[in-house]
Amino acid sequence: MKYKKLLSNILIAVLTAILTVAIYSNFVDKSIDGKSDGSVSTLNKDTNGIHFTNLPSDFKSDNFDFTYAAENTVHAVVHVKTKYVQERSYPSEHPLFEYFFGDRYQQPERREAEGYGSGVIISPDGYIVTNNHVIEKSDEIEVALNDERTFEAEIVGTDEATDLALLKIDEKELPYLQFGSSKDLKLGEWVLAVGNPFNLRSTVTAGIVSAKGRAMGFSRGESRLSIESFIQTDAAVNKGNSGGALVNMEGELIGINSAIASPTGAYTGYAFAIPSNIAQKVVEDLIKFGEVKRAVLGVQIQNITGDLAKEKDLEVQQGAYVAGLTKDGAADEAGIKSGDVIIEVDNEKIESVSELQQTINNYRPGDEVKVIVKRNGKKKQFDVKLRNMQGSTEIIAGEETLENLGAKFETLSRQEKQRIGINHGVKVVRLEDGAFKDAGIKEGFVVAYIEGNKINSVDDIKQILGQTPSGARVEVEGLYPGNNMIYVYQIETD
């Protein structure tokens with residue numbers, strides 16, 4: 001009897017506890033998730049705001065699904081293999097040569113070398129964009145697709161200022177990527193880098209946009225102009241990724257991977273891509289004109305630092321400070337003055353020199369833009385008609401004539417460069433009375449250097465001679481196809 005009463009009490013206690021827990025749980029759940037009438041309660045499940053960081057197995061989100069972008073990108077990214085002749089010089093160890101020539105005498109050694117990189121197919125008929133530094137020394141270029149097919153590629157054109165090059169292969173109905181808008185990228189946005197690091201074909205890495213408008217000061221060799229406004233990302237990029245694709249989650253091409261910041265030469269967390277808005281305009285110009293038709297504002301600019309703002313008593317901390325103007329240039333003619341701070345171009349905010357360069361690079365000579373500056377604390381708007389590097393608003397395609405030199409020039413094709421044995425230069429295709437003819441230059445002459453500056457296009461000639469005082473004598477160096485001699489002429493500028 002005693003035991004029955006004890007068991008009965010235990011059973012009642014257990015049932016009471018179960019019922020209490022059930023009622024309490026039902027009440028709390030409704031208080032957390034919603035009241036009985038369906039309204040939302042203000043009581044939170046996690047009052048401390050602390051959560052475990054595991055990802056549940058049933059978690060699904062389009063924001064974390066990289067498969068669409070990856071699968072649509074790998075087939076449009078190619079492996080670029082280049083061959084070129086590398087020449088190295090070694091001091092002679094022969095005592096007789098050292099006696100007469102000292103350690104200046106060097107013996108050259110030539111050997112065939114190979115280079116590797118990536119490229120992105122941007123049209124179904126075989127146009128491929130890559131970095132200029134991937135192919136600039138090449139004598140032969142081979143492109144391997146993701147399906148293992150290989151093609152010989154031709155160089156359509158290059159642009160040293162942006163480190164871009166355009167190739168072409170003879171094939172149709174190729175997978176390709178469409179350009180997206182790098183302007184619309186946001187910090188923290190997910191991106192994928194696709195390329196061939198260390199010759200590992202079709203490699204995909206993911207990261208976020210870490211910064212925009214980065215100017216890193218990378219060397220452009222002998223180029224007098226460098227345009228840098230990189231997208232910085234923490235997607236892993238290594239040697240061989242150069243020229244590969246940076247895409248957004250929709251699989252749109254928003255950058256061309258170009259460089260890394262690394263003390264070791266391998267990826268350490270920072271990679272840089274040329275924005276698609278720059279690349280797309282360069283590609284369009286190379287297809288249409290064979291070279292980039294670049295507009296200039298005619299200003300010397302610098303970033304605003306704390307010291308500069310204090311020294312010049314500036315009321316703004318961001319923008320491009322106008323340190324000087326090209327006389328009678330586009331900005332000068334429009335009314336912009338030294339000391340102005342450019343803060344906007346055609347409704348695009350300008351916070352740095354790199355952003356101004358990127359924005360102006362989207363235009364061609366003859367285009368009109370609205371430029372807003374800060375002057376003495378007030379905003380002023382100017383309508384500026386952009387010009388080319390020679391000061392005119394013209395766009396000239398194909399053969400170009402420089403009347404003051406009495407010569408018509410033509411950019412060398414890749415086959416001509418290969419046949420002659422050089423990787424740069426422009427050809428004199430016609431001569432009239434003028435400085436070139438007076439100096440003894442003949443038709444067919446290939447101009448390789450002027451005053452020691454490498455010549456890649458007619459614009460290079462115009463730019464160099466445009467900075468030379470009238471009446472000065474300049475040195476023109478080059479060769480005639482089929483002749484191994486190097487010729488140096490002295491011409492007098494008007």
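Predicted model: local features only at pLDDT ≥ 70, side-chain atom pairs only at ≥ 80, totals over all residues.

User: Switching to β7. Is that strand mostly covered or mostly open?

Analyst: Mostly covered: β7 spans residues 164-168, and four of its five residues are buried. Strand β3 (residues 127-131) runs antiparallel to β7 and is joined to it by five bridges. Strand β6 (residues 154-159) is also joined to β7 by five bridges, again antiparallel.

User: What does Leu164 stand opposite in β3, then?

Analyst: Asn131 stands opposite Leu164. Leu164 is also the bridge partner of Asp159.

User: What's in the turn between β6 and β7?

Analyst: The two strands form a hairpin with four residues between them. Asp163 sits in that turn and has a positive phi of about 60 degrees.

User: OK, packing. How many residues are in the largest nonpolar core?

Analyst: It has 28, and the ones with the most contacts inside it are Val120, Ile122, Leu164 and Ile256. Elements giving two or more residues to this core include β3, β7, β12 and β13. The largest share, five residues, comes from α5.

User: What does Ile256 touch?

Analyst: Leaving out residues up to four places away in sequence, its contacts include Val120, Val129, Leu164, Phe272, Ile274 and Ala279. Asn131 is on that list too, along with Gly243 and Gly244.

User: Where's the other core?

Analyst: It lies apart from that one and has 22 residues, among them Leu431, Ile464, Val474 and Tyr480.

User: Now the rings. How many aromatic pairs are there?

Analyst: Seven. One of them is Phe445 with Tyr480, a tilted pair at 5.1 Å centre to centre with 55 degrees between the planes.

User: Why does that pair tie together separate parts of the sequence?

Analyst: Phe445 is in the loop between α10 and β23, while Tyr480 is in the loop between β25 and β26, so the pair ties together parts that are 35 residues apart in sequence. Both Phe445 and Tyr480 are buried.

User: And how does Tyr480 pair with Tyr487?

Analyst: Edge-to-face, with 5.1 Å centre to centre and 85 degrees between the planes.

User: Are those two buried or partly exposed?

Analyst: Tyr480 has a relative accessible area of 13%, so it counts as buried. Tyr487 comes out at 25%, so it is partly exposed. Phe445, Tyr480, Tyr487 and Tyr489 form one aromatic cluster.

User: Last one: which lysine lies over the face of Tyr127?

Analyst: Lys168, at 5.3 Å from the ring centre.

Terms used:
Residues numbered from 1 in each chain as written. Heavy atoms only, no water. Buried < 20%, exposed > 50% of the residue type's maximum accessible area, 1.4 Å probe, protein only. Pairing = 2+ DSSP bridges. Core = buried A, V, L, I, M, F, W, Y, C linked by side-chain atoms within 4.5 Å. Contact = heavy atoms within 4.5 Å. Phe/Tyr/Trp six-rings, centres within 6.5 Å; stacked < 30°, edge-to-face > 60°. Lys NZ or Arg CZ within 6 Å of the ring centre and 35° of its normal.
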